[in-house]
Amino acid sequence: MPSTCVFGAQWGDEGKGKIIDRMAADADCVVRYQGGANAGHTVVVAGEKFVLHLIPSGILHKGTVNMIGGGVALDPAKLLEEVDGLRERGVTVEGQNLRVSASAHVIFEFTRTLDGLAERWKGDGRIGTTGRGIGPCYADKASRSGLRVADLLSRERLQPRLERLLAEKNALMTGVYGEEPFDVAAELERSLALGERLAPFVADVGAELRDAHAGGARVLFEGAQGALLDIDHGTYPYVTSSNTGTAGIAAGAGFPANQLEDAVGIAKAYCTRVGEGPFPTEDHGAEGQKIRDEGNEYGATTGRPRRCGWFDSVAMRFTCDLNGATGLIVTNLDVLSAFDELKVCVAYHLDGERLERYPSGRDLDGIEPEYVTFPGWGTDITGARSWDDLPAAAQAYVQHLEALSGTPIVMLSVGPERDQVIPMAVEAST
Ligand code: IMP
């Protein structure tokens, strides 16, 4: 895998953390290139659970260099909390195995506050954000008033920039939101203290990454969120504020687009979504609740119950196509063991039209999924480790997902532990 991207092929929470953790064993560098602490990548190692929000999942492997690219919306307080938490559990996190781009834009305490207030201001049109300051941080970046990690490293550099930014934010706080202004002096001191602790990790990540790759290093890009939450191609405006798939890598990591060799999409064997926005295969009834219960579908970052529904092959063809997926990994297959029948969406009906192609850019209100139904297998598959260990009905279900998605399924996941996977042999797809 000289350069491989792992991206979420649905609305996030597809189980990327575990897959990246496995693939990180064969990687020299693991790189986050977009998003921020809105992500929650869960990895279970020998029964011990780790939830990583900002630090790449390769941190749990000795010898891996973990890089946070300039495209990440970096919350230094959250990052350092994560560093401390990992160190307390015996994980090494030092300047040599964690590299943070000097160009990454910073999320301050006030950025998080503004995220909450923007949601309140939107009222019924709220996005249902994670409240981690992601939207306001990228908005400041795009409007060229944002501050970057390098700015935190010197008082002379930070003070005038922060004062300018907070003058604007305080006008918004008092004039629009009717709130108290932020305390500029307190924010300055807090940010400088964070900058001091961050300094050993700060680097020119793009240059280091390109050098490492040119020298033969195996690079793994860790996408956060999912393709349907992409700012340009997702269910806008109910999206996050970055390019979540392969398109985000070139800008977000400083890595030439033509150097990416593989793109592996991660998808659950069903669908979930947190926050507001269209979800064509959502099941509001007992089956959706059963998926939630069986899959323990509650957000790793916010604890919110996830909306649940059936596998959507229309959306899957779109996200695989859009991201140039060379393979698909299907997770949580074991969760479906509890069902007698499984539904898969094969087409949409919208405004009197039957659509097999995802209607990108159209308003999805009133969309109706068309399902085909497959028999369940009704037995526990969490102990399966090879294709032959799976019941025939589970094999048939996976083969249908592959045919409908138009992308080879290269691995299945049947539980949260590192070893609960089934690598796919050629016979599975024939
Ligand atoms: P934000 O990224 O916090 O601005 O939230 C925007 C939308 O993306 C909301 O619907 C969130 O629930 C969703 N979202 C953000 N991060 C994740 C994630 O890691 N998993 C799933 N959904 C996410």
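Author: Welcome! Rings of Phe, Tyr and Trp (its six-membered ring) pair if their centres lie within 6.5 Å; planes under 30 degrees apart count as stacked, over 60 as edge-to-face and the rest as tilted. This is a predicted model, where local features need pLDDT of at least 70, side-chain atom pairs count only at pLDDT 80 or more, and totals for chains, interfaces and linings use all residues. Residues are numbered from 1 along each chain as its sequence is written, and side-chain values use heavy atoms, with hydrogens and water left out.

Reader: How many aromatic pairs does the structure hold?

Author: A pair of aromatic rings is described by the distance of the centres and the angle of the planes. Counted this way, the aromatic pairs in the structure number eleven.

Reader: Which parts does the pair of Phe318 and Tyr358 tie together?

Author: The rings of Phe318 and Tyr358 are stacked, with centres 4.5 Å apart and planes at 10°. Phe318 is buried at a relative accessible area of 15%, and Tyr358 is buried at 9%. Helices (H or I, at least four residues) and strands (E, at least two) are DSSP runs, numbered from the N terminus. The pair therefore ties together helix 10 (residues 313-322) and the loop between strand 17 (353-355) and strand 18 (368-375).

Definitions and conventions
Buried means under 20% relative accessible area, exposed over 50%, partly exposed in between (1.4 Å probe, protein chains only).
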